[in-house]
Amino acid sequence: METILIIDDNIETQILLKTILKSYKLIVAYNLKEAETYFQTEKIDLILLDLYLPDGNGLMFLKKLCPEPNVPKVPVIIISSSDDITSKVTGLKSGADDFITKPFAPEDLQARIISVLRRGPARHTIEFLNLGNLVLDLIEHQAKADLDGKLIDLNLTPIEFKILLNFCNHLGHEYSREELKQLIWKDTYISLRNVDTHICNLRKKLELTNIDIQNKRSRGYFLIVNTYKKFSSAHLFTDSFDLPKAKQISCY
Amino acid sequence: MRTEIPIQKEIEPFVSFFLDSRAKEILTIEQLIADKNYSELEKIFHNLKGVSKSFGFPTLGNIALELERACVEKNITLAISLFSDLKSYLRKYSH
């Protein structure tokens with residue numbers, strides 16, 4: 001049986017919810033302080049949250065609930081007497097999974113609870129990763145150069161994207177060719193020279209960014225952000241770049 | 001217990017509790033109107049707006065909605081007039 005934490009100080013709402021949601025284990029918190037205690041001590045599958053509570057706004061609790069990116073979050077349905085679009089949008093943007101306006105039809109509430117529980121704990125995924133003027137779209141698996149706000153697709157192959165993402169996620173780490181081979185291709189056979197070829201191609205495609213892949217003899221490849229390398233969309237129409245001497249920045 | 005519209009069977013036993021709570025609330029509201037405590041009045045009417053229909057009293061919910069708006073606008077004349085409507089409505093259903 002799933003456990004639902006109801007956070008609402010209104011006694012009539014509590015009566016309604018207890019009557020409608022008999023098939024769930026219900027825990028009732030009258031305020032945010034109580035809710036936090038229950039949240040830490042009980043295993044909660046879903047939260048029904050009112051916005052106006054005696055010790056603060058429900059959105060404050062919602063923000064505390066939103067964990068680190070990619071960590072599962074307990075689903076939240078806001079139940080509020082506020083029916084204006086601003087409250088709904090703010091609630092959903094703050095991390096709520098659904099928003100129900102009071103008065104609600106029991107069947108509507110039940111259906112929405114089933115729907116949210118079926119989806120399971122949500123994850124706050126990171127959609128973009130920025131490094132210098134490089135923008136990695138982690139959903140579409142695309143790398144783009146930000147030139148004065150204009151995003152130019154670098155047309156990376158899936159393997160090149162994977163290599164670049166790995167570099168970005170472990171800034172400062174020096175990867176030997178063997179290490180890269182194992183990380184990216186795993187058990188698929190590929191020669192070390194082929195790894196070099198992929199890196200070489202990737203370097204060329206990164207020319208519109210201030211990201212460079214460099215290598216140290218006998219140590220490996222590593223990523224640097226070259227802050228002296230500035231680009232604008234005007235570079236799109238030139239064949240070669242006349243750049244000031246690069247200053248290498250440690251990327252730890 | 002008589003309601004304005006039919007309600008869920010499981011809610012029926014709680015209707016008298018709902019009406020009793022409103023009767024007690026009347027005194028609080030009168031004091032808050034006298035004090036022109038709009039924020040507290042707003043909270044009361046906001047809650048009432050949300051639950052009245054589920055207990056079988058949609059008109060009460062509508063009056064509460066208008067009262068909430070009157071309190072947001074700090075329109076005491078309108079609030080007093082609407083509060084009078086609210087009391088008349090509740091008298092019809094009091095046991």
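1. The axes of α1(A), residues 11-20, and α1(B), residues 15-34, come within 11 Å and cross at roughly 170°. Axes here are lines fitted to C-alpha atoms, for helices over the stretch in contact, with angles from 0 to 180 degrees between N-to-C directions. Helices (H or I, at least four residues) and strands (E, at least two) are DSSP runs, numbered from the N terminus.

2. Which residues make the contact between the two helices? Ile11(A), Glu12(A) and Ile15(A) come from α1(A), and Phe17(B), Phe18(B), Ser21(B) and Arg22(B) from α1(B), where contact means heavy atoms within 4.5 Å. By class, this contact has four nonpolar, one polar and two charged residues (Ala, Val, Leu, Ile, Met, Phe, Trp, Tyr, Cys and Pro count as nonpolar, Asp, Glu, Lys and Arg as charged, and the others, Gly among them, as polar).

3. Two of those chain B residues turn up again around Leu48(B), which sits in α2(B), residues 38-51. Leaving aside neighbours within four places in sequence, Leu48(B) is in contact with Phe18(B), Arg22(B), Leu60(B), Gly61(B), Ala64(B) and Leu86(B). Leu48(B) is buried, at 3% relative accessible area; buried means under 20%, exposed over 50%, partly exposed in between (1.4 Å probe, protein chains only).

4. Now to the sheet of chain A, an open one with five strands in the order β2-β1-β3-β7-β8 and parallel pairing; two strands pair if DSSP finds at least two bridges between them. Its edge strands, pairing on one side only, are β2(A) and β8(A). From one strand to the next, the twist averages 20°. Helix α4(A), residues 85-93, packs on the sheet and touches β7(A) and β8(A), its direction making about 150° with that of β8(A). Helix α5(A), residues 106-119, also packs there, touching β1(A), β3(A), β7(A) and β8(A).

5. Within that sheet, β1(A) is largely enclosed by the rest of the structure, because five of its five residues are buried. Thr3(A), Leu5(A) and Ile7(A) point one way, while Ile4(A) and Ile6(A) point the other. Five bridges join β1(A) to β2(A), with Leu5(A) partnered by Ile27(A). The chain passes from β1(A) through α1(A) to β2(A) in a right-handed β-α-β crossover, meaning that, with the strands pointing away from the viewer, the path from the first strand over the helix to the second runs clockwise. On β3(A), four bridges pair with β1(A), and Ile6(A) stands opposite Leu48(A).

6. Strand β11(A), residues 134-137, is covered on both faces: Leu134(A) and Leu136(A) on one side and Val135(A) and Asp137(A) on the other are all buried. This strand pairs antiparallel with β10(A) over four bridges, and with β12(A) over four bridges, again antiparallel. Leu136(A) stands opposite Leu129(A) in β10(A) and has Ala143(A) as its bridge partner in β12(A). In the turn of the β11(A)-β12(A) hairpin, His141(A) has a positive phi of about 55°.

7. Some housekeeping: residues are numbered from 1 along each chain as its sequence is written, with chains lettered from A and ligands numbered from 1 in the order written. In this predicted model local features need pLDDT of at least 70 and side-chain atom pairs count only at pLDDT 80 or more, while totals for chains, interfaces and linings use all residues, and side-chain values use heavy atoms, leaving out hydrogens and water.
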